[in-house]
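Please examine the structure shown here and work through its sheet, its nonpolar cores and the surroundings of its ligand.

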Amino acid sequence: MNSNSDAFIPFLRCIDCGGGLREDIAALVCQACRRSYATVGAVVDFTATELGARAREQAAIYDAKEERDELLNPRVTPLLGRWPDLLLTYREHSRQTRALRLQNGAAVLDLGCSTGLFLRSLSTLVSIVPFGIDVSLGSLARAARAMPNGCWLLGQADNIPVVDESMDAVFAFDVLEHVPDMARAIGEVARVLRPGGKALFHLPVLDLQGSFDDVHSRIRPDRHRAEMLGAGHFLKNFRTRADVLTYCEQAGLAVSRARRFNVMFQNIFDYRLKHRFLGRMFNAGRIPWSWYHNVVAPAIELVTVLPDRLIGAAGVGASVYVSTVKATTQQRN
Ligand SMILES: C[S@@+](CC[C@H](N)C(=O)[O-])C[C@H]1O[C@@H](n2cnc3c(N)ncnc32)[C@H](O)[C@@H]1O
Ligand SMILES: [Zn+2]
């Protein structure tokens, strides 16, 4: 695997029988059923032949994006929030993450980790034991090149190859709407979290009335549909905010905060305007990063994210951040 194998392997388990794994030549082998999982560098293949149709579709979409170089690229993207694409969204991811106050040494799983940008960014704030899981091999290979000391799992959110109650935190940014069974994936997150461990989800929701996405889908339905499909979004996977909160509570994850996002102005900036001017100037090196990040972005947030918070508090927003804590045994009894 990699130089950190000894630290990672105790966290991993067989997806068939739940048995512990041991390292073999270019593979991890289940100590109970002997099933073998191939390792290519820091990527462990937990999929073999059994990706479902939906997951195969997702893997194809994101592998193709990786080949076209359309994914956030850890080689040229130094830190989360420093990249002009989805600048305000990734800054909000950082803010919500910092609010969790993770401790040094935390075992952290990023569900749908893509090219590993989030874990790489988080590891500059706090020392973590980083685990990333995704169905896209191309994305993971890139993650492993950029962060060779991470543990990269080619696998699925609905059968996470990680031991029960072993993770201090789990993150899933814009992933739950891609998985075939959201309730099951949230159940898996609850299983792998230790009691008191935290999970943070960000996902679009069905009840988006009044948001910019809602307006856009009405005035430009064809373009909206094309964008949704291009992102691998299948509307039938979407759920309402209330459904998501119910899935969390049913799985034993107490919801500590649920805040609407992608309300109106931030959405217009991130998805419509960024390419037109600022992003281009930043990419062309005309705006220094420090100026962009420390002056321009906060100024844009004043007129976008701040008013959005007020509207969002009234229940408007096309996506939601859900912060949860897994109940301790005492709380559950
Ligand atoms: C919209 S991208 C989000 C990537 C990243 N979390 C971010 O915020 O930039 C969705 C990711 O979920 C992955 N994905 C789709 N279905 C999945 C599944 N069943 N299990 C795990 N990951 C999945 C995709 O390959 C893709 O990398
Ligand atoms: Zn096994």
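The questions and answers that follow concern a predicted model.

Q: In the open sheet of 11 strands, which strands stand at the edges?
A: The order of the strands is β1-β2-β3-β4-β7-β6-β5-β8-β9-β11-β10, and their pairing is mixed. An edge strand has a single partner, so one side of it is left without a neighbour in the sheet. The strands in that position are β1 (21-24) and β10 (253-261).

Q: How many bridges join strand β5 to β6?
A: Strand β5 covers residues 106-111 and runs parallel to β6. Within these strands, A107 of the chain has V129 in β6 standing opposite. The number of bridges joining β5 to β6 is six.

Q: What angle does the direction of helix α6 make with that of β9?
A: Helix α6 (residues 182-192) packs on the sheet. The strands that α6 touches are β5, β8, β9 (193-204), β10 and β11 (319-326). With the direction of β9, that of α6 makes an angle of about 150 degrees.

Q: Is A172 buried or exposed?
A: A172 is found in strand β8, which spans residues 167-173. A residue counts as buried if 20 or more other C-beta atoms lie within 10 Å of its own. Because A172 has 25 other C-beta atoms within 10 Å, it is buried.

Q: Which residues is A172 in contact with, leaving aside its neighbours within four places in sequence?
A: A172 and C113 are 59 residues apart along the chain, and their C-alpha atoms are separated by 7.8 Å. With neighbours within four places in sequence left aside, the contacts of A172 are L111, G112 and F201.

Q: Which residues touch the most other members of the largest nonpolar core?
A: In soluble globular proteins, nonpolar side chains tend to be buried together. The largest nonpolar core here holds 73 residues. Apart from it lies another core of eight residues, among them Y90, Y292, A297 and V305. In the largest core, the residues touching the most other members are V108, L109, L111, M167, V170 and V189.

Q: Which element gives the largest share of the shell around ligand 1?
A: The shell has 18 residues, and the closest are Q58, Y62, G112, A157 and F173. The elements giving two or more residues are α2 (53-67) and β6 (128-134). By class, the shell divides into nine nonpolar, seven polar and two charged residues. The largest share, three residues, comes from α2.

Methods: Residues are numbered from 1 along each chain as its sequence is written. Chains are lettered from A and ligands numbered from 1 in the order in which they are written. This is a predicted model: local features need pLDDT of at least 70, side-chain atom pairs count only at pLDDT 80 or more; totals for chains, interfaces and linings use all residues. A residue is near a molecule or strand if its C-beta atom, placed from the backbone, lies within 6 Å of it. Helices (H or I, at least four residues) and strands (E, at least two) are DSSP runs, numbered from the N terminus. Ala, Val, Leu, Ile, Met, Phe, Trp, Tyr, Cys and Pro count as nonpolar, Asp, Glu, Lys and Arg as charged, and the others, Gly among them, as polar. A nonpolar core is a set of buried Ala, Val, Leu, Ile, Met, Phe, Trp, Tyr and Cys residues joined through C-beta atoms within 7 Å. A residue is buried if 20 or more other C-beta atoms lie within 10 Å of its own, exposed if 12 or fewer, and partly exposed in between; C-beta atoms are placed from the backbone. Two residues are in contact if their C-beta atoms, placed from the backbone, lie within 7 Å. Two strands pair if DSSP finds at least two bridges between them. Axes are lines fitted to C-alpha atoms, for helices over the stretch in contact, and angles run from 0 to 180 degrees between N-to-C directions.
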